[in-house]
Amino acid sequence: MITSDITAAELKQRLANHETPVILDVREPWEHEEQSIPGSILIPLGSLPERMSELDDYKEQEVLVHCRSGKRSATAQAIMQQQGFKHVRNVEGGMLAFNEAQ
């Protein structure tokens, strides 16, 4: 089981290398509209428990979860792990760190 977090810089590097990780955005729709990581899946944290089945195809894959600062995504990571997701990683610092990362 992968439980370690991933830095925003690591994520940016992976995207620059044309990797296509599964990225879950647990922010609110208006936040996602303002700025998002291309290809990310939007499921707000408050909706995650009842929408978990939408992520079933990714249960055995690495899933990178992000929010604005890393707090909501850490909660989402815990919820997903309780539901049997084995490779969920929180993006440290969320979009704030992603915007600052080189």
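Leu-64 has Arg-89 as its bridge partner in β5. Two strands pair if DSSP finds at least two bridges between them. Strands (E, at least two residues) and helices (H or I, at least four) are DSSP runs, numbered from the N terminus.

Strand β5 (residues 87–92) also runs parallel to strand β1 (residues 6–7), with 2 bridges joining them. Here Ile-6 has Val-91 as its bridge partner in β5.

## About the model

This is a predicted model: local features need pLDDT of at least 70, side-chain atom pairs count only at pLDDT 80 or more, and totals for chains, interfaces and linings use all residues. Residues are numbered from 1 along each chain as its sequence is written, and side-chain values use heavy atoms, without hydrogens and water.

## His-32

His-32 lies in helix α2 (residues 29–34). His-32 is buried, with a relative accessible area of 18%; buried means under 20% (1.4 Å probe, protein chains only).

The side chains of His-32 and Asp-25 are joined by a polar contact of 2.8 Å. Such a contact is a pair of N or O atoms within 3.5 Å; within protein, one must be able to donate a hydrogen and the other to accept it, and residues adjacent in sequence count only if both atoms are side-chain atoms.

## The whole chain

The protein chain has 5 helices and 5 strands. Along the sequence they follow the pattern β-α-β-α-β-α-β-α-β-α. Of the 102 residues, 39% count as buried. The C-alpha atoms fill a box of roughly 35 × 30 × 20 Å, taken along the principal axes.

Methods
Buried means under 20% relative accessible area, exposed over 50%, partly exposed in between (1.4 Å probe, protein chains only).
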